[in-house]
Amino acid sequence: DYNTDNSIALVVYNLGYLPSSSKEYLTQTHSTLASLTDAVRVLRVGGLLSVMTYPRSNHQEDWACHVFLEGLALFSSNTQDWRDFVDEL
């Protein structure tokens with residue numbers, strides 16, 4: 001079940017592994033992307049999504065989050081075409 005009133009102002013991710021714990025337990029790309037998608041659905045207009053990735057611990061997850069968040073920025077901007085978005089960078 002999702003929060004249907006979109007009252008969430010901030011969602012924060014700190015990905016990778018838990019410091020001072022076994023490095024065999026890492027966040028996983030597929031579940032991270034699913035969770036990011038869920039987070040976007042419950043954020044209020046003007047809400048913030050903060051994601052800290054660690055490329056050395058999971059390069060694939062870092063890259064996937066980067067692409068997801070760039071796409072989200074494009075989707076939520078006034079840009080009509082991805083080329084306009086790239087030009088703005």
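Q: In strand 2, what is the bridge partner of valine 11?
A: Leucine 49 is the partner. This is a predicted model, where local features need pLDDT of at least 70, side-chain atom pairs count only at pLDDT 80 or more, and totals for chains, interfaces and linings use all residues. Residues are numbered from 1 along each chain as its sequence is written, and side-chain values use heavy atoms, leaving out hydrogens and water.

Q: What makes strand 1 and strand 2 a pair?
A: Pairing takes at least two DSSP bridges between two strands. Strand 1 (residues 8–14) and strand 2 (residues 43–52) have six bridges, in the parallel sense, so they pass. Asparagine 14 bridges to methionine 52 of strand 2.

Q: Which residues of helix 1 make the contact with helix 2?
A: Contact means heavy atoms within 4.5 Å, and helix 1 brings Thr29, Thr32, Leu33, Leu36, Thr37 and Val40.

Notes. Helices (H or I, at least four residues) and strands (E, at least two) are DSSP runs, numbered from the N terminus.
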